[in-house]
Amino acid sequence: MVIIYEKNWILARSMILKNIYSSIVYVILSMILAFLCNSIFSLEDNFNTLFSAAFKDTNSADCAEVIPADYYNIKEYDIRKMLNEDTDVSNYQVEDALLLLNTQLIHENQETQLSGAWMIRNFNRDTNLSTTKILEESQEKYEDPIYIPFICKSFFGFKLGDRLAFKHNNKTATYHIAGFTESILFGNRGTIAFELPDKAFKAMNEDFVEKNENSKIILIKSQNLSIHKKLLSLFKDVPYLNYVDRISAAFTMNASMKVYKYIMIFFAVINIIVVALIIKYKTQSSIINGYKNIGILKAIGYRSDEISITYVIQYIFLSSLGYITGIILSAKLYNSIFKSITAETGFQWKNNINLIRIICFFIISICTIAILTFLSVIKTGKVSPVKALHGILDNVLHISKISSTKGVLYPNFIIAWKLFCKRKKQNTVLIIIISLSVLAASFCLTLYSNIVENKKLGLKQISGMENFSIILQLTDAADIEQSVKKIKDINDVKQVVKAIGPGGSVLFCDDKINARTTVYDDYEKIEKVGLYKGRYPIHENEVVISAALSDMLKKSEGDFITIKNELQENCNIGEYIITGITQGSYTGGIDIALTFDGIRQIDKNAGWQTVYIYTSEEKNIDKVIEDIKQVCDKDITYIDNFQNIFNKQFESVTENISNLIILVLLLSICIISVIIFLVAQTTLLSNTYMFGILKAIGFKTIQIIYQAMASMLPIVIFGSLGGYILSKFFTDIIITLMLNKMGVYKVNFLSPDVYISGFVCLLCIVSSIVSVLTLWKLKNETPISVIKRKE
């Protein structure tokens, strides 16, 4: 048995060395396939592993409720009683915290300014739920240390030793970053909590924050997370409530990674198809080219199954070589290639290899390749030694002949066209593959053009957020109407909009689902970016809901919806008619928009929270901000360039798309180059005799190469055209499907025709170069050598 397989290996090795270039191409393609598959497995497995490890290491709570400390003190007995009696609650703890409302977070380089509500926890707290896990700690000791989530390093680029300042109520508190922490509930993009040592925490509590910013965090172990709904019945008239659980945290950490995983799966599938085609057509070409050798092997005693096993061994060896190389490269280069993608998770990413997955992938792939190869060479069983030695192979492989003597057109064109027509089935499959590759490239170029180059166009549609220029928040004592009147008189101010939200207080819809509130004083003032269908509310009994909420409630335009504020002791229930549907990811995708009179029906204490300003030109934003500061002066609690804030929040998205487009274009070019190489090799091997005859009747080598190359270019051209047409119809649909869970149901991106045309031209140039280099060996062929081989 060993001797038999050794004999097969010797034959397989000789085949590999004889076709060394095509063997190298096959190994590279197998390597890319293994790289993609292992990367797909790693993204999913590593995230799950890191999430589970962080959850266990920090003894993370399943959910957390953040409420004002004064409110908690009043309701403490009822809260604890409910927690103690609930069978789903296995443990809970309460800790002190600070919630800095409407606060600017300023990095020392002044380039990174983030605004919002920031949570501060006591680093030395006496609790054992959601504990502190330090990933990195500075060797230098600071008098003003602060510990911040690792996502601030991976996502925002903060470093140990950097100075970080909180600007709040005209006060500034500055600290040095002493370490990076890891947390499930408080270390993701949705919820970030900083930690101060006990002394600094108490000092901030006494000198920096307002009384209403003293908070309590209720950390709860609840497997089904059902306790949150029950606690809401106690939280009536609470000034603020922040809630986070393990499910929403995982979604926030993992949402964007899934998009890139789907793209890699798409290319892996295309790669698998190309590998299968290479096996089919290369084995066929090998049989045609070595037809006499197969006859000789049979004549000296080789059985058909032994010859077939030789081909199987050849491709198993090449595949194994490619897979092992691809897996090693994936393990070594993974962190650097996918750094920007994994940065959003908030974990210190470690690429752990799942050996079981790799072994299963290896075994399944090798078995599949062995079966494909065996089926591709099974026709060798019909080869007759006598016919093979006489060069008779038509009856076995059904090789069609090309007549170059018929036709009235230019001879080079006739030959190229007939070479093209000879490969009808092959051409159809290859055109489909190229179309899909160009579709993927067009998809990424569309994302780049609409999101990276023209942020306003793409990000507005995805987020559903209005394109405001300036965000302004005034003190409670300020006369908002007078301030708005003053702002309107400022030069370059185009429009002033009073607002609650977006993403304001939570309202309970149809006694089923909580939704975030948005209210504008006049919806005709805004650009209506997020309006999916219908119209915004005009009257007090009208409302607009998001598409995600519409799906959940099974309601649409014309239907009625009941709304109430569960956090109020004596809440009114209002019934509204739905006049439109919105979309967007900015506030989580579950939103509801009312008029001011409409929200006052269920919340008599509702008041304007924010003022948004449109400027006539973007370049005048900073000047207008300075003018507003002069006219409003002490009434301002917060003002900033909304465009900068908006772009900063989507900075990682634009960076990931920039990296992704390079990967996708390279993969597309590689796949199409391999296809052209495959076609060129097949054309060369199956038509060598005809090319020898053409040389004999006077055609030059370069003319024959051009004829063969011209027969291949239509594959690229038709495939590119098909991919472009598909992109016109399906790019927006694909984007919508990818972002559907984020609340995006429709986009209308502009097609970057110039970029796509440039990419297609690049494909044609690369394809021409690959085909010429592959066919160049024809220069060594002479009519005599070809005829002798035929004989």
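This is a predicted model: local features need pLDDT of at least 70, side-chain atom pairs count only at pLDDT 80 or more; totals for chains, interfaces and linings use all residues.

Visitor: How many aromatic pairs does the structure hold?

Guide: The structure holds 21 aromatic pairs. One of them is F468 with Y612, a stacked pair with 4.2 Å from centre to centre and 15 degrees between the planes. F468 sits in the loop between α16 (455-463) and β11 (470-474), while Y612 belongs to strand β20 (residues 610-615), 144 residues apart. Helices (H or I, at least four residues) and strands (E, at least two) are DSSP runs, numbered from the N terminus.

Visitor: Why is the pair of F468 and F642 edge-to-face?

Guide: The ring centres of F468 and F642 are 5.9 Å apart and their planes stand at 75 degrees, so the pair counts as edge-to-face. F642 lies in helix α21 (residues 642-649), so this pair ties together parts that are 174 residues apart in sequence.

Visitor: Is F642 buried or exposed?

Guide: F642 is buried, with a relative accessible area of 3%, and F468 is buried at 0%. Buried means under 20% relative accessible area, exposed over 50%, and partly exposed in between (1.4 Å probe, protein chains only). Of the 791 residues of the protein, 55% count as buried.

Visitor: Which residues touch the most other members of the largest nonpolar core?

Guide: They are F186, V274, F468, Y520, Y612 and F691, in a core of 134 residues. A nonpolar core is a set of buried Ala, Val, Leu, Ile, Met, Phe, Trp, Tyr and Cys residues joined through side-chain atoms within 4.5 Å. A second, separate core has 27 residues, including L105, C152, F155 and F166. F691 is also one of the buried residues of helix α23 (residues 688-696).

Visitor: Changing topic, how many salt bridges are there?

Guide: A search of the whole structure finds 18 salt bridges, each a side-chain nitrogen of Lys or Arg within 4 Å of a carboxyl oxygen of Asp or Glu. R246 and D62 form one at 3.1 Å, N to O. R246 is in helix α7 (residues 246-289) and D62 in the loop between α2 (20-57) and β1 (63-68), 184 residues apart. R246 counts as buried at 17% relative accessibility, and D62 is buried at 6%.

Visitor: And which partner does R125 meet?

Guide: The side chain of R125 meets that of E195 in a salt bridge of 3.1 Å, N to O. R125 lies in the loop between β3 (113-122) and β4 (133-137), and E195 in strand β8 (residues 193-196). R125 counts as buried at 14% relative accessibility, as does E195 at 5%.

Visitor: What about E542 and R535?

Guide: Their side chains meet in a salt bridge at 2.7 Å, N to O. E542 is buried, with a relative accessible area of 7%, whereas R535 is partly exposed at 34%. Elsewhere, salt bridges that share partners join E95, R121, R125 and E195 into one network.

Conventions
Residues are numbered from 1 along each chain as its sequence is written. Side-chain values use heavy atoms; hydrogens and water are left out. Rings of Phe, Tyr and Trp (its six-membered ring) pair if their centres lie within 6.5 Å; planes under 30 degrees apart count as stacked, over 60 as edge-to-face and the rest as tilted.
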